[in-house]
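Q: Could you walk me through this one? I'd like to start with the charged pairs and then move on to the sheet and the core.

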Amino acid sequence: QVQLVESGGGLVQAGGSLRLSCAASGRTFSGYALAWFRQAPGKEREFVAATSWSGGSTFAADSVKGRFTISGDNAKNTVYLQMNSLNAEDTAVYYCAARYYRGYFSPKTESREYDYWGQGTQVTVSS
């Protein structure tokens, strides 16, 4: 049974930083893509960033490019989202997600493409 557990959320002032973690368990994740999504109150779930499990390929949404970085530590079965220069628009529940892919890694930005989800961690940015 695949489990994804997020941690690291919290309250931060605008301009500050946070690092989210997603601990993955339940299977070997070689051949999997891991991603971060976020959902603000009253809004649809939004893609943030994705990475191949090997970490060789990463992709980020334009809204966070240059501020957020996705990375992974295979030895710890953990994927991270380093978030810098946070602003109030980044306030949301952040979710970790995983999907299996064959062959070449192609970043998928639609939530329906992902098979496994964590429970989410709240990030609140005060202005």
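A: A salt bridge here is a side-chain nitrogen of Lys or Arg within 4 Å of a carboxyl oxygen of Asp or Glu. The model is predicted, so to speak of local features needs pLDDT of at least 70, side-chain atom pairs count only at pLDDT 80 or more, and totals for chains, interfaces and linings use all residues. Residues are numbered from 1 along each chain as its sequence is written, and side-chain values use heavy atoms, with hydrogens and water left out.

Q: OK, how many salt bridges does the structure hold?
A: The structure holds 5 of them. One of these joins the side chains of D62 and K65, at 3.2 Å from N to O, and another joins E110 and R112 at 3.5 Å.

Q: Which residues are linked in a network of salt bridges?
A: The network links R38, E46, R67 and D90. Within it, the side chains of R38 and D90 meet in a salt bridge of 2.9 Å, N to O. R38 belongs to strand β4 (residues 32–39) and D90 to the loop between β8 (78–83) and β9 (92–100), so this pair ties together parts that are 52 residues apart in sequence. Strands are DSSP runs of E with at least two residues, numbered from the N terminus.

Q: Is that R38–D90 pair buried or exposed?
A: Both R38 and D90 are buried, and for R38 the relative accessible area is 6%.

Q: What does R38 touch, then?
A: Leaving aside residues up to four places away in sequence, its contacts (heavy atoms within 4.5 Å) include E44, E46, V64, F68, E89, D90 and Y94.

Q: Switching topic: what order do the strands of the open sheet take?
A: The open sheet has 4 strands in the order β1-β3-β8-β7, with antiparallel pairing; two strands pair if DSSP finds at least two bridges between them. β1 and β7 are the edge strands, each pairing on one side only.

Q: How many bridges join β3 to β8, and β1 to β3?
A: There are 6 bridges between β3 and β8, which run antiparallel. Strand β1 (residues 3–7) is joined to strand β3 (residues 18–25) by 5 bridges, also in an antiparallel arrangement.

Q: Which residues stand opposite each other there?
A: L18 stands opposite M83 in β8, and S21 stands opposite Y80 in β8.

Q: Last one, which residues have the most contacts inside the largest nonpolar core?
A: In that core of 39 residues, the ones with the most contacts are W36, L81, M83 and Y94. A nonpolar core is a set of buried Ala, Val, Leu, Ile, Met, Phe, Trp, Tyr and Cys residues joined through side-chain atoms within 4.5 Å.

Q: Which element gives the most to this core?
A: That is β4, with 6 residues.

Key
Buried means under 20% relative accessible area, exposed over 50%, partly exposed in between (1.4 Å probe, protein chains only).
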